[in-house]
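Please keep the sequence and the structure in view while reading.

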Amino acid sequence: MGLKYTKIKGTRDILPEEYSLWRELLERAFKILRSYGYNFIVTPTFERTELFIRSIGDTTDIVEKEMYTFTDRGGRSLTLRPEGTAPVVRAYLENHLIPPQKLAYFMNMFRAERPQKGRFREFWHLGVEFIGVRDPSADAEVVELAYRLVHEFGVKEIKLEINSIGTVEDRKRYREVLLDYLRARKDELCEDCRRRMERNPLRVLDCKIDGPKLLDAPLLTDYLSQASKSYFEDVLEYLRRWGVPFEVNKRLVRGLDYYTETAFEIKSGALGAQDSVGGGGRYDGLVEELGGPPTPAVGFALGFDRVLIASGLQGYREPLDYFIAYLGDEAREKGFEVLQALRKRGKRAEISHEKKSLKSQMKLADRLGARYALIIGDEELARGVVKVRDMETGEEKFLKPSELP
Ligand code: HAM
């Protein structure tokens, strides 16, 4: 029988086994983020389209071809968030949060990319935005935190790449040099790049088709001001001091326009072509761009789906502590009484609601992975006890309900 309703391509069902893993990893992450002073925030799933165009940049792949944009009934153009930084900054401004703010989030994101291993159309970001502080130690702290989380999640073959893409002024100077270089090679570029190169030449280097062909292009890093260079050196010095292994990648540019200076990416050799498990950097111009006062900020987002793949961890069913089996109506009543008492103590306990043979009740206990089965029959009723069967060893003993471990 073919199912009529199936999930949309690029989306996923998170089944109980995987969700157990999510919960475990998120609990660990919450603990770490809390210790760094972060507070959690959730923003709406959709925003004005303009917010994303303004912040991510109108010549980026995300804005040009990956956004889920629709017109609502009131004729407004809305977009399912493709990333979290712009919405968090919007919320920061709209709710008059006072800097400095350390905001963390776990939210689903939407990008209409071609699905493949580790690439989905709905995926999850675990991210942070540290708003209102400009100091190399803040950049380094954010990078160190990203690295620490990825490490804590058990991601295999971690590689941290970092670069400085300079200030807006640095990039203006570099832009002219790069444009000269690109104009001379215009005929070799892909259609997208020929079109966008005059408006955003940096994007060309990030292009999946042309990027690899332009290895002799002038490097932004060689056009940084002295101030940007020494800021970057200071960030690296903190990382060295704190024992965070990194590699400077002079070609790292990132796919969003709001970055300034520090940019970084964490990759894993355990993934295929989509090897980036997270990325981020400084974005000192964005708050102002969205209508706020000049405010520095730095952050990152980890692709949670990719983290799970790269950690190689297997999901699991949460086992039951107790399964209660009964023989007869009176025993069933007693069973519910014991069940409720166990649940009040926080035990994970279950009973067969439907009246079944003892044999099928025990089968169910087994399938649910119960640690102990509690069996209640006439004899147990009369004695005020339950028969406790260790489901692993088969060992049995009689205990009063109040004595249960
Ligand atoms: P991003 O690099 O676009 O940055 O996304 C961060 C991470 O999300 C990527 O490294 C990747 O692991 C994951 N990711 C991206 N697209 C997909 C996809 N289609 N399927 C599965 N995972 C994906 C940002 O979005 C910035 N907002 C990060 C940031 C926060 N910068 C400063 N603050």
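The bounds of the domains used here come from an automatic or database domain assignment. The model is a predicted one, and in it the protein is divided into domain 1, made up of residues 16-167 + 225-311, and domain 2, made up of residues 322-403. Between the centres of domain 1 and domain 2, taken over C-alpha atoms, there is a separation of 49 Å.

Turning to the whole chain, the protein has 14 helices and 16 strands. Its radius of gyration is 28 Å, well over the 22 Å that the globule rule gives for 405 residues, so the protein is more spread out than a compact globule. Along the principal axes, the C-alpha atoms fill a box of roughly 95 × 55 × 40 Å.

Two packed helices are described by the angle between their axes and the distance between the axes. For helix α5 and helix α9, the axes come within 8 Å and cross at roughly 45 degrees. The crossing of α5 and α9 is right-handed.

| Helix | Range | Residues in the contact |
|---|---|---|
| α5 | residues 136-152 | P136, S137, D139, A140, V143 and E144 |
| α9 | residues 226-241 | Y231, D234, V235, Y238 and L239 |

Definitions and conventions
Residues are numbered from 1 along each chain as its sequence is written. This is a predicted model: local features need pLDDT of at least 70, side-chain atom pairs count only at pLDDT 80 or more; totals for chains, interfaces and linings use all residues. Side-chain values use heavy atoms; hydrogens and water are left out. Axes are lines fitted to C-alpha atoms, for helices over the stretch in contact, and angles run from 0 to 180 degrees between N-to-C directions. Helices (H or I, at least four residues) and strands (E, at least two) are DSSP runs, numbered from the N terminus. A crossing is left-handed if the near helix is turned anticlockwise from the far one by less than a right angle, and right-handed if clockwise. Contact means heavy atoms within 4.5 Å. The radius of gyration is taken over C-alpha atoms; the globule rule is 2.2 Å times the number of residues to the power 0.38.
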